[in-house]
Amino acid sequence: MVAAPGPGQPVSALPASAGSDAKAPLCFTGHLDIVPLGTRKWTKDPFQGETDGDRLFGRGTSDMKAGIAAILLSARNTVKHLNGKPGLVLVLTAAEEGGCIGSQHLARTKLLGNAGALLVGEPTSNFPYVGHKGSIKFHASFQGVSAHGSMPHLGSNAIYKAARAVTDLEHFDFQATPHAVMGSPTMNVGTMAGGSGVNMVPDTASIGVDIRTVPGMDHPRLLERLRKTLGEDAEMQVFSDLPPVWTAPEQEWVGRVFEICRAHLGSRPEAKTATYMTDAANLLKAYVGAPTIVLGPGEPQLAHQTDEWCSQERIRQAVALYEAIIKDWCRL
């Protein structure tokens, strides 16, 4: 069903069935990579798949090996019925945690083919999300002039320049209207570094910034305003620029998925969006206009946590949900 990546290939995509020309296939996607274990000691082996009651422990169980497993199981369980139907496309990517690099590569190729709708198996506790915020991430570096720490007037302190920029960013006005579901954009200065000795005037400093955007925001205009805020002394290196993903809950396929989820979750879901990014932002460059839902068995709050786990019952439920969504799309 899915081609294994070869050397230098960050992603794989292959149709799960021959499908038909009458309707584009349904795409399921997820990422294969995980984040490091972190510094805190685990109480369970992070690589052995230990269980305790309903909980399956391990790095990546919620984010998002459980989603991948549910995707593959639901595809296996339905594939024999898909001949002559719209069929499925499974897109499993690498390097999502490093900035959606695998899906970025895929979007530049012709491997993806077509898809009429996109389901992302990221962790949502099996609650369907109708999108997520966009992402702008950048580093800004500042140059100064080195001097002896006892004679700072002979130098130019790069850390002071960076600190002033951080203060200006803290009070930055996005000038954006809050989104009805996603809310307002956010900014976080996540890293700061500079200098090479306490007795030296630092001649270099840098900061790392993470911005999350909402629909309606103009990324190029925002980046230009940020450059002006940082000042002429700053060199800005943008390493992530991905738009928000949003499908109106009134969209026909989304409504059908919500009804399927009602049967399994006990009530009809209300429109929500994820706080994190997904590969959908890149894949939609190829699947332009495809309605998109994020829906997976993992627990969002456990992503990247020590002692990460996923409910085994949620995995079984996700398989049932995915199968029902496949059957609905393919009219099985």
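**Entry 1: a strand and its neighbours**

In which sense do β8 and strand β12 pair, and over how many bridges? I looked this up in what is a predicted model, and found that β8 and β12 (residues 204–213) pair in the antiparallel sense, with ten bridges between them.

Next I turned to strand β13, which covers residues 234–242. β8 and β13 also run antiparallel, and eight bridges join them. Here I noted K137, which stands opposite S240 in β13.

Then I checked how covered β8 is. The strand spans residues 134–143, and eight of its ten residues are buried, so I wrote it down as mostly covered, buried being under 20% relative accessible area.

**Entry 2: a helix**

I moved on to helix α5, residues 252–265. Its 14 residues reach 20 Å from the first C-alpha to the last, close to the 20 Å expected at 1.5 Å a residue.

Which residues of α5 are buried? My list reads W253, V254, G255, R256, V257, F258, I260 and C261. I also wanted to know what covers them: the cover includes strands β2 (26–31), β6 (117–120) and β15 (292–294), along with helix α7 (312–330).

At the N-terminal end I found a cap, Q251. A side-chain oxygen of Q251 lies 2.8 Å from the backbone nitrogen of W253, and W253 is itself one of the buried residues of α5.

At the other end I looked just after the helix, where G266 takes a positive phi of about 95°.

How values were computed: Residues numbered from 1 in each chain as written. Predicted model: local features only at pLDDT ≥ 70, side-chain atom pairs only at ≥ 80, totals over all residues. Heavy atoms only, no water. Helix = DSSP H or I, 4+ residues; strand = E, 2+ residues; numbered from the N terminus. Expected span 1.5 Å × (residues − 1). Buried < 20%, exposed > 50% of the residue type's maximum accessible area, 1.4 Å probe, protein only. Contact = heavy atoms within 4.5 Å. Polar contact = N/O pair within 3.5 Å; in protein donor to acceptor, adjacent residues only side chain to side chain. Pairing = 2+ DSSP bridges.
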